Amino acid sequence: EQLDVVDVVIIGAGPSGAIAASLLHKAGKRVLVLERQHFPRFSIGESLLPCCMNFIEEAGMLEAVNAAGFQFKNGAAFRRNGTYTTFDFTDKFTPGHGTTFQVQRGNFDKLLADTAEAQGVEIRYGHTVERIDISGKPSLFVSTESGESYQVDAEFMLDASGFGRVLPRLLDLERPSNLPSRMAIFTHVEDNISDANFDRNKILISVHPEHKDIWYWLIPFSNGRCSLGVVAEPHLLARLDGSLEDKLLQVVREEPGLKALLKDAVVVQQCAELKGYSANVSQLASDKYALLGNAGEFLDPVFSSGVTIAMQSASLAARTLLKQLNGETVDWQRDYAEPLMTGVNCFRTYVQAWYDGTFQEVIFFENPNPTIKQMICSILAGYAWDTENPFVKESQRRLNMVVELCREAKA
Ligand code: FAD
């Protein structure tokens, strides 16, 4: 039976797997990526944040991404009851890239994976990781589409399997998220938007006029289409009937701004739904494995932080792993999990404040202080690991202060 021996085996060729593979290969390590599907494959998560361009650059993929013709993105727009406000990501506190793209993830993920392959990384498509053994050095048991199976032995394994959550399942690391369970219904539309004021360079987040915790995303692509989705706790959508498409279009029509914008839109992809996607784990890493991206913790889609967290985790894990493989002592909790959680917890503060309504008060406040806005803008642009930013370092206390300031100014 076949046995492969490598330095690092990576489960999954999505953004976290491709970036980690590239960085480790560049440092001279033998890397093998095992990917269950064939690319391009659909994935949700189409609006990127500027911060992730730093990791794309670190992996030597910036030129390829810039040349691919994706929709340019320079910020986020929010609308609630007719009030429209924007964040310009180039006007931010933290240095670094200030623009990014809105991408069809099938194409984007394939581009990253192909670029990693062109750099010399080996990716095996149609290969599924079924079982593992970590009693000694990690061993993985892999099945192929043609019904064969084989073993891979490695010094270390990275789980970049996203919602596949391979190691959390196999090692019993799954823990419930502390966020309430929500669902998303989504599709792609040929948008036919004629409103000249519509800004295709920004994701548009709209809030339901009656339920402030129901929100919609509209993510324009460069081909005249948009990704359209709604997110809510399931009981708030239980009143809708018909097919998924009927439900989505019905709830979209409840928001007058979106209804007007999408009056000529045509659905061009089968509607899909995802439920209970928020997830957590008891442990993010040990001296034998690390969980990247969605295989670790997933919060919520509202601030489009998923791919950025995935790439940040890939970069941090690669750095820590290179030290370990070069014989230095590392502490995965201190060197990987804690720094990663700085940004994840900062996003968590904002996600919770979005749903309890307090961050919406800040977003829709008419006269924001420009310095405070730049610091919050940094976080929305993905720079949630910049501890020079007081809104990162003390995210909850600072946000509470701004909420108070907005309330006092309005009183
Ligand atoms: P993935 O991209 O999911 O890649 C995992 C890969 O692992 C897959 O290709 C899979 O086939 C493979 N795999 C799984 N199991 C196995 C196995 N056993 N063996 C081999 N291979 C395996 N993020 C954003 O940045 N912007 C957004 O606008 C956004 N919107 C979202 C909206 C919703 C409703 C949801 C739920 C999420 C959203 N996200 C968004 C989050 C985003 O989808 C993820 O964070 C991101 O895709 C994570 O990337 P990844 O590399 O961790 O995993």
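This is a predicted model: local features need pLDDT of at least 70, side-chain atom pairs count only at pLDDT 80 or more; totals for chains, interfaces and linings use all residues.
Residues are numbered from 1 along each chain as its sequence is written.

According to the UniProt record, an unreviewed entry, residues 6-333 carry the annotation "domain: FAD-binding"; such positions are given in the numbering used here, feature names are shortened, and annotations may be inferred rather than shown by experiment. The chain is divided into domain 1 (3-71 + 97-176 + 278-344), domain 2 (183-275) and domain 3 (357-410), with bounds that come from an automatic or database domain assignment. Between the C-alpha centres of domain 2 and domain 3 the distance is 27 Å.

Helix H1 (residues 15-26) and helix H4 (residues 105-119) have axes that come within 9 Å and cross at roughly 15°; axes are lines fitted to C-alpha atoms, for helices over the stretch in contact, and angles run from 0 to 180 degrees between N-to-C directions. H1 and H4 are therefore roughly parallel to each other, given that angles under 35 degrees count as roughly parallel, over 145 as roughly antiparallel, 65 to 115 as roughly perpendicular and the rest as oblique. H1 passes H4 in a left-handed crossing (left-handed if the near helix is turned anticlockwise from the far one by less than a right angle, right-handed if clockwise). The contact, defined by C-beta atoms, placed from the backbone, that lie within 7 Å, involves Pro-15, Ala-18, Ala-21, Ser-22, His-25 and Lys-26 of H1 together with Asp-109, Leu-112, Ala-113, Ala-116 and Gln-119 of H4. These residues comprise six nonpolar, three polar and two charged, with Ala, Val, Leu, Ile, Met, Phe, Trp, Tyr, Cys and Pro counted as nonpolar, Asp, Glu, Lys and Arg as charged, and the others, Gly among them, as polar.

For helix H9 (residues 306-325) and helix H10 (residues 332-355), the axes come within 10 Å and cross at roughly 160°, and the two helices are therefore roughly antiparallel to each other. H9 passes H10 in a right-handed crossing, and the contact includes Leu-316 and Ala-317 of H9 and Trp-332 and Tyr-336 of H10. By class, this contact has eight nonpolar, four polar and one charged residues.

The axes of H10 and helix H14 (residues 395-410) come within 9 Å and cross at roughly 35°. This crossing, in which H10 passes H14, is right-handed, and it is formed by Cys-346, Thr-349 and Ala-353 of H10 and Ser-395, Gln-396 and Leu-399 of H14.

Most residues other than glycine have a negative phi, and most peptide bonds are trans. The peptide bond from Phe-39 to Pro-40, however, is cis, with omega near 0°, and Pro-40 lies in the loop between strand E2 (31-35) and helix H2 (51-58). Arg-165, although not a glycine, has a positive phi of about 45°, and Arg-165 is located in the loop between strand E10 (149-159) and helix H5 (166-170).

Technical notes: Helices (H or I, at least four residues) and strands (E, at least two) are DSSP runs, numbered from the N terminus. Two residues are in contact if their C-beta atoms, placed from the backbone, lie within 7 Å.
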